[in-house]
Amino acid sequence: MFALFGKKESSLVGVDIGSSSVKLVALSNNAGQFSLDAYAIIPMPPAAVIDGNVQDVGQVSDAVERAAKVAGGSLGGVVVAVPSSAVISKHIELSNAFSELELEEQVKLEADQFIPYPLEEVAIDFEVTGPTVHNADLNQILVVACRRGDVELREDAVNGAGLRCEVVDVDTYAVERAFAELEGEETDEESLVGIVDVGAATLTLNVFRAGEIVYNREQAFGGNELTNSIHQHYGIPLNEVEQKLRQDNLGTEIQQLFVLPFRSTVAQQVSRALQFFYSSGVHSELQRLYVMGGTAAIKGLAEQIEQEIGVKTVTANPFEQMNVNAKINRARLNVDAPTLVKACGLAMRPTGD
């Protein structure tokens, strides 16, 4: 049985390998209270990762190594994630009489029936979530499978940077963990809360109820449209465009011609994603919406989305209630925070998960 999720440590480093950059977050955990020790955001060449797939391990590894140097200090084991679009997950029911080894074999047999690839090409992991409601002699088991290559490419990129990849997670699980930090004590068991991730190439809407994702939809739209337009028109390097966007430092002309119209388009795309959600049969409206991802750093975006959809919208910052290392520039962190949500969720992975 290939351990997709690997072994667990009490202190881990989250590395989010995105299509335009690598994000690294190092947290420490003291009796359930997280502290931010260090973080880094390192740009990558456009072709290093395409559609969530690692294309050039060497370039990704170089970016991870640079991120580790920026973070400094002695970093523990690393958690990375495969995109949920690359994962097959299914709940199955099996007898609770199986031993651990027998259970592994039974899971393999069951998985072979719903995974459309040869088992030798697949990384599989499973978790016993508890007895079934209708029969106490049966356990409900969550089976998660992914192409082995997707796992190994990420492991190779991290290990090649001189770090140690301990866990390969799924990005939606990381967002669920970070959501708990975003919500704090505000969580209402019945209310629906959304997180929209506006990345470089995709816009993903996750809707939560009671801390768990109940709806997920991804569409092809992201910040690359803006950064490419500015790059082509003004010749500014792509990584410099992204940095200036985060710092709100692109000049009045570019703001008027490119950033403000794009900000309006993002708001319309979020509204469109919500329309798909409401038409899926869930009639309750969102109580609030968080905006994360690199594009979320655009000044005024949350306010424009709120005006467009009529739902309280907040720029995601999972570090607001955390202790933060005195060496970290707090003002810069507030700007970078929405880009770091997924990496933060990876670093939050608990020992017993």
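These legends accompany several close-up views of a predicted model.

View 1. In soluble globular proteins, nonpolar side chains tend to be buried together.

**View 2. V15 and its surroundings.** Which residues does V15 contact once its neighbours within four places in sequence are left aside? They are V22, K23, L24, V64, V78, V79, V80, A81 and L346.

**View 3. Helices α1 and α3 side by side.** The axes of these two helices are 7 Å apart and meet at an angle of about 45°. That angle makes α1 oblique to α3, and their crossing is right-handed. On the α1 side you will find V57, V60, S61 and V64, which meet L153, D156 and A157 of α3. By type, the residues of this contact comprise five nonpolar, one polar and one charged.

**View 4. Helices α5 and α7.** Here the axes of α5 (residues 224–234) and α7 (residues 252–278) come within 10 Å and cross at roughly 155°. The two helices are therefore roughly antiparallel to each other. Is this crossing left-handed or right-handed? It is right-handed. From α5, the residues in contact are E225, L226, S229, I230, H233 and Y234; from α7, they are E253, I254, L257, F258, V259 and F262. This contact divides into eight nonpolar, two polar and two charged residues.

**View 5. F319, a buried residue in a loop.** F319 sits in the loop between β15 (312–315) and β16 (323–324). With a relative accessibility of 1%, F319 counts as buried, because the cut-off for that word is under 20%. Beyond residues up to four places away in sequence, F319 touches V25, L27, L36, V324, R330, L333, A337, L340 and C344. For a sense of scale, the C-alpha atoms of F319 and G251 are separated by 29 Å, and these two residues are 68 apart along the chain.

**View 6. D336 in helix α9.** Helix α9 spans residues 330–336 and includes D336. Is D336 buried or exposed? D336 is buried, with a relative accessible area of 7%. Setting aside residues up to four places away in sequence, its contacts are Y39, I41 and R246.

**View 7. T204 in strand β12.** T204 is part of β12, which covers residues 203–209. This threonine is buried, and its relative accessible area is 11%. Not counting residues up to four places away in sequence, T204 touches I195, V196 and D197, as well as N216, R217 and E218.

Methods
Residues numbered from 1 in each chain as written. Predicted model: local features only at pLDDT ≥ 70, side-chain atom pairs only at ≥ 80, totals over all residues. Heavy atoms only, no water. Axes fitted to C-alpha atoms, helices over the stretch in contact; angles between N-to-C directions. Helix = DSSP H or I, 4+ residues; strand = E, 2+ residues; numbered from the N terminus. Parallel < 35°, antiparallel > 145°, perpendicular 65-115°, else oblique. Left-handed = near helix turned anticlockwise from the far one by under 90°. Contact = heavy atoms within 4.5 Å. Nonpolar A, V, L, I, M, F, W, Y, C, P; charged D, E, K, R; others polar. Buried < 20%, exposed > 50% of the residue type's maximum accessible area, 1.4 Å probe, protein only.
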